[in-house]
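Dear colleague,

I am handing over the structure below for your records. My notes on what was found in it follow directly after.

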Amino acid sequence: MMIKSNTILKTAVCAAALTISLSGWSAEPAGLVDLTYAAEKAVPAVVHIKVRTNSQTRTVETQDPWDDFFSDPFGFFGNPGSGGRQRRQVQTPPREASGSGVIISADGYIVTNNHVVDGADEITVTLNDNREFGARIIGTDKTTDLALIKVDGKNLPTLPIGDSDKLKVGEWVIAVGNPFNLNSTVTAGIVSAKARSLYANGVESFIQTDAAINSGNSGGALVNTNGELVGINAMLYSQTGSYSGYGFAIPTTIMNKVVSDLREYGTVQRALLAIVGQDVHNYIDAQKAKGIDVDLGTNDGVYVSKVEDNGAAKAAGIQEGDVIVSIDGKKVTKMAELQEILANKRPGDTVKVGILRDKSKKEMTAKLKNAQGNTDVVRTADLDVLGVNLKEISSAQKSQHNISYGLEVIKVSKGKMQEAGITKGFIITKVNDEAMKTLDDLQRVVKEASTSDEPVLIIQGLNPAGVKKYFAVQLND
């Protein structure tokens with residue numbers, strides 16, 4: 001049952017009138033903290049997101065040995081043949097789920113978690129005033145668990161974006177979202193820790209809070225007392241599946257870069273040092289467990305256990321056994337902090353890497369690269385006229401289908417391709433007899449066709465089962 005609540009947190013919290021001192025860190029007492037302003041700013045800009053994944057037909061191979069025997073008795077006994085394996089069509093049931101999101105622009109851009117909208121065929125966004133909008137995905141990033149979606153709206157309520165770097169441990173925050181389908185829920189707590197890594201995603205530097213975060217809060221807002229967005233609620237830590245005092249949010253320092261890249265390129269431009277590393281204190285503890293005493297000259301930083309060939313670190317002269325202690329003069333005490341700094345960089349950016357080598361300080365200059373080992377811009381296409389999101393196929397897909405290029409349809413919304421019958425998972429190999437090796441190839445062909453006397457795309461490609469298909473897409477109504 002859906003329960004609508006516009007209740008705003010009306011309590012004030014009095015911080016302890018004492019100076020706190022922990023390991024040399026001290027702060028003056030905060031005095032009276034009123035969270036009603038933050039709640040009033042945040043609630044209208046936090047939305048309820050409902051997603052639906054339609055029933056899908058998948059092709060699978062049978063694993064029943066008796067099926068193998070009857071279909072190919074020779075292959076069953078190890079003789080030449082098909083091996084007895086059969087391909088079957090399996091129908092998966094529709095799926096519905098929900099979460100939260102934060103409006104960051106008056107024209108309808110909304111930030112949420114990747115896991116909220118992953119695989120969605122339909123997305124419905126409900127505002128705090130009960131207005132409903134259909135939404136489409138602009139881009140997703142599994143590595144940071146962030147996604148950017150868009151609704152067609154005007155003058156929508158927004159939440160100003162604050163600087164999560166300025167958050168302090170012990171500072172009051174509120175979490176706003178839709179747990180258990182209860183709209184406009186506000187919970188309060190403090191920042192419990194910063195730069196937490198839970199080893200759930202590729203890039204992690206979570207804000208930990210004891211503000212209650214439950215199922216359905218994913219994608220909602222973590223807000224400071226000034227009413228500014230400082231994090232996107234992502235997950236809870238619990239042995240029961242419900243709140244137990246540990247919630248985690250993605251800081252806006254990471255969110256800002258991801259959103260900017262998704263809007264401009266459709267995918268994140270990820271800059272890498274190309275090292276394998278770990279927190280220094282973890283490395284020292286591991287060595288002590290082996291009976292080895294290690295003195296690196298510091299207990300903070302990132303221990304470099306491996307330097308990848310052809311990467312930025314290798315080119316800069318960074319070596320295995322070095323300890324990274326700063327980037328561009330900003331102190332690095334653990335891997336999560338290094339990841340957060342690099343998450344704000346793009347391939348081609350140059351950084352000053354401070355290291356300790358044999359307890360001596362050195363500074364290296366590294367030109368960051370992408371995962372392909374270069375500084376090229378990586379794009380996905382989001383073509384409104386076609387109503388699809390696409391990406392260049394992977395090496396594994398090339399090998400699987402025995403092709404050397406292609407563009408995979410990763411999302412289909414209302415548009416020309418959906419009308420033509422093209423579905424998610426289809427691989428486009430040629431359009432109007434031109435090879436589709438890059439997203440720029442498709443964008444060029446679409447532009448040429450849309451201004452020609454015959455605005456039609458003849459699309460050739462493979463469906464998910466590897467069967468060759470042809471479609472005609474009429475660009476003009």
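In this predicted model, helix α6 is followed by G291, a residue with a positive phi near 85 degrees. Within α6, which spans residues 280–289, the buried residues are V280, Y283, I284 and Q287. These four residues lie on the same side of α6, because they cover an arc of only 95 degrees around the axis.

Helix α8, residues 335–342, is mostly covered, with 7 of its 8 residues buried. The buried residues are M335, A336, L338, Q339, E340, I341 and L342.

As to the nonpolar cores, the largest has 35 residues, and V111, L146, L148, L159 and I174 are those with the most contacts inside it. At least two residues of this core come from each of α1 (36–42), β9 (109–112), β12 (146–151), β13 (172–177), β16 (221–224), β17 (229–236), β18 (247–251) and α5 (252–265). Helix α5 supplies the largest share, namely 5 residues. Apart from this core lies another of 23 residues, which includes I275, V332, L338 and V353. L338 is also one of the buried residues of α8.

The surroundings of V111 may be of use to you. If its neighbours within four places in sequence are left aside, V111 is in contact with G101, V102, I104, L146, A147, L148, G219, I232, M255 and V259. Among these contacts, L146 and L148 are also listed with the most contacts inside the largest core.

Finally, I draw your attention to two backbone angles. Most residues other than glycine have a negative phi. N130, however, has a positive phi near 80 degrees and is not a glycine. N130 is found in the loop between β10 (122–126) and β11 (132–141), and with a relative accessible area of 49% it is partly exposed. D358, likewise not a glycine, has a positive phi of about 55 degrees. Its place is the loop between β23 (350–357) and β24 (360–367). D358 counts as exposed because its relative accessibility is 72%, where the cut-off for exposed is over 50%.

Yours sincerely

Notes. Residues numbered from 1 in each chain as written. Predicted model: local features only at pLDDT ≥ 70, side-chain atom pairs only at ≥ 80, totals over all residues. Heavy atoms only, no water. Buried < 20%, exposed > 50% of the residue type's maximum accessible area, 1.4 Å probe, protein only. Core = buried A, V, L, I, M, F, W, Y, C linked by side-chain atoms within 4.5 Å. Contact = heavy atoms within 4.5 Å. Arc of directions from axis to C-beta.
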